[in-house]
Each structure stands twice: as C-alpha cells, then as structure tokens.
Amino acid sequence: MTDPHVASHEQEVVGRPSTGLLSRINAVVARAGMYLSVSGLLVIVVVVFYQVFGRYVLNSSPTWTENLALVLILYVTLIGAAVGVRDAGHIGMDSLLVMLPDHLREKIELVIHVLVAVFGIAMAYNGWILGASVGTVKIPNLGLPEVVRYVPLIASGVLIVSFSIEHIIALLRGEEVVPSWN
C-alpha cells in the first residue's frame, strides 16, 4: 500500500531549474570538484598498488606512499562531500520531510541549509586555525608542509557555504538546484 503523502509528493512537478549566476558558477565548480575527486581516487589506487608491489614483489616498500595516500584521501573525501551537498547527495531525512505539508517542508529545508552553511563556516574557520598552527611543520617522507592536510578542509567549508547559499536562494525563488552530473 502506498503512503498518500509520499505518492502525492513524488507526483509533484519539480520547481523550475535555478539559472542564476551563482548556480551557473557552482555547477562548474562542483563538476570540476568531482572530476578532481575521481582523479584523486585513481591516484590513490595507483599509489597504494605501488606500495603493495614494492613491499611484496620488490621487497622494498616505498616510504612516501602511505603519507601521500593519506593526504589524497583528505582531498577526495572533503571535496567530494562538498559536491555532495550541492547535488543533494548528503545524508538527509527526506522520508520525514515528504510527509510534511509543503509550506512547513520548505521552512525546514531552509533551516537545514542554513545549518549546513554554518557547519561549512566552522569547517573553513577551524581548518584555517589548525593549518596556521602547523604551517612550519613538514610531513614526514613527503617534505610538504603540514598545512596541505588542512587546505581541503578550508576549501570544502567554503564550497559547502557557497552550495548552501545556492540552495537557500533557489528555495526562496521556488527553483530547484539541478545536480551538476545531469
């Protein structure tokens, strides 16, 4: 048996696509971020494969591979998570929202996007503070400054804020943010 609230929501016509300047910019940035994340994931696979090959075939494990893979994981996950915020790929409580009346659902969606933006601000700010505190320290075996571990946290926070603002504007205009992978 189909829930009438869910069925009626699924049959609703989706709002018109958001075509503002911020949406156009964010779509390009999100697509680039996802390409970078996927490329980073491929590089991680190659680096880890090289580490395993070196350890078990050459009997000489490269020392830099583990640290590089850990740094790349930060970039892949944090940038990918930010893109997930724009494309509504984050964990949500949609099953509860669809049962609410439209006017109440829209207000709760606004609150959710504002809270996500606040979280993005906290990510960027704290990433900046943490990065500044370790700016002179080097990552062992890579020779890179430790701050490179905090750049994706800052970038992800800024992107999350931008993507949340895009969603807020679209909701207020009665528009829909089109995922960048469409």
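Modeller: A salt bridge here is a side-chain nitrogen of Lys or Arg within 4 Å of a carboxyl oxygen of Asp or Glu. The model is predicted, so local features need pLDDT of at least 70 and side-chain atom pairs count only at pLDDT 80 or more, while totals for chains, interfaces and linings use all residues. Residues are numbered from 1 along each chain as its sequence is written, and side-chain values use heavy atoms, with hydrogens and water left out.

Side chains of opposite charge can pair when their charged atoms come close. Searching the whole structure gives 6 salt bridges. One of them joins Arg 105 to Glu 109, at 4.0 Å from N to O. Both residues lie in helix α5, and because they are 4 residues apart, about one helical turn separates them. Helices (H or I, at least four residues) and strands (E, at least two) are DSSP runs, numbered from the N terminus. Arg 105 has 7% relative accessibility and counts as buried, whereas Glu 109, at 24%, counts as partly exposed. Buried means under 20% relative accessible area, exposed over 50%, and partly exposed in between (1.4 Å probe, protein chains only).

Arg 16 pairs with Glu 175, their closest N and O atoms being 3.6 Å apart. This pair links distant parts of the chain, 159 residues apart: Arg 16 is in strand β1 (residues 16-17) and Glu 175 in strand β2 (residues 175-176). Glu 175 is buried, at 12% relative accessibility.

Glu 146 and Arg 149 form another salt bridge, with 2.5 Å between the closest N and O atoms. Glu 146 is buried at 14%, and Arg 149 is buried at 19%. Finally, a network of salt bridges links Arg 86, Asp 87 and Glu 166.
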